[in-house]
Amino acid sequence: MSQRAAGSRLALPFPGRTQRVLPGFGLSLGISLTFVSLVLLLPLTGLVGQLAGLSLGEYWAIISEARVVASYAITLGAAAVAALVNAAFGLLLAWVLVRYDFPGKRALDALMDLPFALPTAVAGITLATLYSSNGWMGQALAPLGLEVAYTWVGIALAMAFTSIPFVVRTVQPILEDLPHEIDEAAMTLGARDGVAFRRVILPHLWPALVTGTGLAFVRSLGEFGAVIFIAGNMPYETEITSLMIFVKLQEYDYVGASAIASAVLATSLALLLAINLWQGRFIRRLHGGN
Amino acid sequence: MQRIGDAPALRRLLIGAAVALSALFLLLPLVAIFAQAFSQGLATFWVNVSDTYTLAAIGLTLFVTALTIPINLVFGVMLAWLVTRFTFPGRRLLQTLIDIPFAISPVVAGLVYLLLYGRNGWLGGWLDAHDIQLMFAWPGILLVTVFVTCPFVARELIPLMQAQGSREEEAAVTLGASGFTLFRRVTLPNIRWALLYGVILTNARAVGEFGAVSVVSGAIRGETNTLPLHVELLYQDYNTVGAFASAALLALIALFTLAAKAGLEWRAARREALA
């Protein structure tokens with residue numbers, strides 16, 4: 001697929017030599033490599049440098065400290081809940097935005113991108129204010145005995161808010177490209193809506209749905225600005241791992257911060273790799289095992 | 001022909017649920033920002049926004065953003081040109097590498113820069129000896145902002161330039177166009193809207209970055225305090241109305257971003273319909 005687009009080489013009559021037709025190869029290669037090395041790769045060496053002085057035992061001691069382990073559990077649990085909530089919400093919104101026409105649809109569609117456009121600190125103070133005991137939502141939920149701000153639920157809520165666009169925007173294009181014949185056939189054969197959706201539509205959306213949910217999960221694991229205001233940040237109860245790194249830094253414990261950061265970094269890179277591999281396998285299976 | 005989910009009752013139920021949930025979780029927070037910012041009237045809002053420290057924070061944020069955009073614009077165009085117009089070993093790897101900032105938590109991004117350029121870092125010692133301070137000063141804020149926003153322009157351009165192919169450009173070269181003429185007359189008209197959207201996304205993120213900036217800034221009022229950090233400071237000082245006044249300015253930029261995206265999409269859809 002990309003071979004055509006990227007194949008602007010012209011074969012010369014001399015075997016083994018090719019020449020590029022378009023100009024700017026040297027310039028764009030030079031600038032890109034310089035930028036990638038200096039901006040993206042060089043800083044990562046600082047992390048390696050900090051960790052090089054640690055023995056494996058010391059490293060393990062830092063990343064398995066009780067307060068830090070508690071933060072992993074809170075972060076992973078809240079991110080999982082946020083991702084699952086987004087899977088359901090994203091699927092509903094993608095369906096409604098693609099399949100139905102109604103007044104205000106364009107505005108609703110635009111609204112889906114709000115969490116990416118809004119600075120995370122703004123989202124953080126807004127959610128904390130809304131769900132605090134005298135905020136609009138806090139007052140509405142108090143009679144139901146639901147406390148959101150400064151609890152684990154608040155962390156999950158903030159994570160869910162910032163990662164809303166992932167599922168909607170990955171499922172939407174796939175749903176748009178589904179041919180009409182697919183569900184017409186199912187309806188002609190007399191399937192009910194629920195059954196037809198589960199058996200006919202969902203299998204097509206599955207890869208996009210899992211990818212979007214996975215991306216939402218990874219984003220939630222690293223979220224900081226939106227979460228810290230509503231979290232309350234109580235040790236062992238409402239402290240997320242990003243905050244633990246921040247706390248270590250404020251104590252000038254650079255080694256501790258680096259150790260925890262490396263664990264976070266390894267986890268998110270491994271998850272992204274897994275999502276990519278899974279997606280690749282699924283696409284190969286759809287196209288007949290090539 | 002009937003399609004799945006076309007029954008009127010089901011349709012109304014699903015649309016109703018989608019609209020209600022979106023109003024509750026997306027629209028309500030947006031409304032709350034402005035309600036809080038103006039809760040003590042327009043005059044108080046104005047006093048908060050024109051406060052010396054707020055103005056300094058706005059100035060710093062605009063300054064850093066104004067430097068970030070051209071840097072990432074040049075890098076994004078160069079990288080997109082490189083990976084969509086040439087084949088070479090390592091092309092795939094390069095495309096994967098530019099996604100690093102999306103995979104890294106902002107706090108970790110700030111941390112790696114602090115480790116490298118901070119007083120204890122291996123470059124920091126040299127910088128210190130030459131009296132150059134990057135961390136806890138605006139250059140550090142600029143560095144991490146460039147880092148977190150560098151994928152946006154490239155990410156918008158690569159799929160588009162890949163789909164368009166290079167035939168028009170090859171024709172231009174055959175007709176004797178120079179590199180600069182080729183880019184200005186052939187490539188740029190084809191990619192300008194994607195380029196514009198990439199810049200808008202870069203702008204939105206650069207203005208609003210919090211986690212990475214808060215690690216390297218030091219948040220000195222009037223000096224290294226960006227607008228999002230200023231929002232945090234005011235909020236921690238229990239000056240909620242002041243915090244939301246600054247937050248409203250940031251929310252306006254977010255709304256502008258959404259409007260620009262909707263506008264560009266509408267334009268693309270109309271062109272497709274005409275074609």
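1. Helices (H or I, at least four residues) and strands (E, at least two) are taken here as DSSP runs, numbered from the N terminus. On that basis, chain A holds 15 helices and two strands. The radius of gyration of chain A, taken over C-alpha atoms, is 24 Å, well over the 19 Å that the globule rule (2.2 Å times the number of residues to the power 0.38) gives for 290 residues, so chain A is more spread out than a compact globule. The C-alpha trace of chain A spans about 70 × 60 × 35 Å along its principal axes.

2. This is a predicted model, in which local features need pLDDT of at least 70 and side-chain atom pairs count only at pLDDT 80 or more, while totals for chains, interfaces and linings use all residues. Residues are numbered from 1 along each chain as its sequence is written, and chains are lettered from A and ligands numbered from 1 in the order in which they are written.

3. An unreviewed UniProt entry lists "transmembrane region" for residues 21-49, 69-98, 110-129, 149-168, 208-234 and 254-278 of chain A; such annotations may be inferred rather than shown by experiment. In the model, residues 21-49 of chain A are 86% helix and 0% strand, with end C-alpha atoms 43 Å apart. Residues 110-129 of chain A are 80% helix and 0% strand, and their end C-alpha atoms lie 24 Å apart.

4. Counting two residues as in contact if their C-beta atoms, placed from the backbone, lie within 7 Å, 81 residues of chain B are in contact with 82 residues of chain A. Helix α1 (residues 8-37) of chain B gives the most to the side of chain B that touches chain A, with 18 residues.

5. Across the two chains, the axes (lines fitted to C-alpha atoms over the stretch in contact, with angles from 0 to 180 degrees between N-to-C directions) of helix α2 (residues 25-52) of chain A and helix α3 (residues 52-85) of chain B come within 8 Å and cross at roughly 120°. That makes α2(A) oblique to α3(B), where angles under 35 degrees count as roughly parallel, over 145 as roughly antiparallel, 65 to 115 as roughly perpendicular and the rest as oblique. In this contact, A:S28, A:L29, A:I31, A:S32 and A:F35 meet B:F75, B:M78, B:L79, B:W81 and B:L82.

6. Within chain B, helix α13 (residues 227-236) and helix α14 (residues 240-274) pack at an angle of about 160°, with their axes 7 Å apart. That makes α13(B) roughly antiparallel to α14(B).
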